Amino acid sequence: MQQTLSIIKPDAVKKNVVGKIIDRFESNGLRIVACKRLWLSKADAKAFYAVHSQRPFFNDLVDFMVSGPVVVMVLEGENAVLKNRELMGATNPKEAEKGTIRADFADSIDANAVHGSDSIENAKIEIDFFFAKREIC
Ligand code: CMP
């Protein structure tokens with residue numbers, strides 16, 4: 001069993017497709033073992049995406065992530081990290097395979113509907129960023 005962090009980003013929350021996205025996870029063997037809706041502060045978004053702080057898209061990414069509420073979840077299942085990334089599709093929705101979350105719900109590389117941890121190691125760090133141990137069950 002593996003755990004991974006998923007964020008439903010402000011664009012998808014605004015479109016009211018949270019349930020449809022969660023259904024993709026549950027229908028594909030992933031379990032929601034923690035979940036909350038919150039509006040990130042700039043400090044939160046900068047800290048969460050610190051690994052991208054030197055990239056040219058960093059400021060736009062941070063501004064976008066604080067533009068509305070997000071839904072943050074821990075997904076659990078076999079190969080959860082990889083499975084979540086397959087379900088999400090490519091970062092740029094124009095390159096995402098048909099039937100993936102980003103192909104179906106995302107508009108652009110910034111407004112790309114979901115974030116998912118890219119490795120088991122980063123999943124642990126990202127889960128710890130948002131959730132206390134007692135919130136995961
Ligand atoms: P996410 O998986 O949340 O991780 C970092 C985010 O930066 C990514 O999704 C995109 O929404 C955003 N981003 C914007 N431009 C780029 C880019 N050129 N390469 C990667 N990510 C980008």
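This note goes through the fold of the protein chain and the surroundings of its ligand.

1. The model is predicted, and local features need pLDDT of at least 70, side-chain atom pairs count only at pLDDT 80 or more, and totals for chains, interfaces and linings use all residues. Residues are numbered from 1 along each chain as its sequence is written, while side-chain values use heavy atoms, with hydrogens and water left out.

2. The protein chain holds 7 helices and 4 strands, where helices (H or I, at least four residues) and strands (E, at least two) are DSSP runs. From the N terminus on, these elements follow the order β-α-α-β-α-α-β-α-α-β-α.

3. Along its principal axes, the C-alpha trace of the protein chain spans about 35 × 35 × 25 Å.

4. Around the ligand stand K9, Y49, H52, F57, L61, T91, R102, I109, D110, N112 and H115, each with a heavy atom within 4 Å of it. By class, this shell has 4 nonpolar, 4 polar and 3 charged residues, where Asp, Glu, Lys and Arg count as charged, Ala, Val, Leu, Ile, Met, Phe, Trp, Tyr, Cys and Pro as nonpolar, and the others, Gly among them, as polar.

5. Polar contacts (pairs of N or O atoms within 3.5 Å) also involve the ligand: an oxygen atom of the ligand is 2.5 Å from an N or O atom in the side chain of Y49, and a polar side-chain atom of R102 lies 3.4 Å from a ligand oxygen atom. A polar backbone atom of I109 is 2.6 Å from an oxygen atom of the ligand.

Methods:
A polar contact is a pair of N or O atoms within 3.5 Å; within protein, one must be able to donate a hydrogen and the other to accept it, and residues adjacent in sequence count only if both atoms are side-chain atoms.
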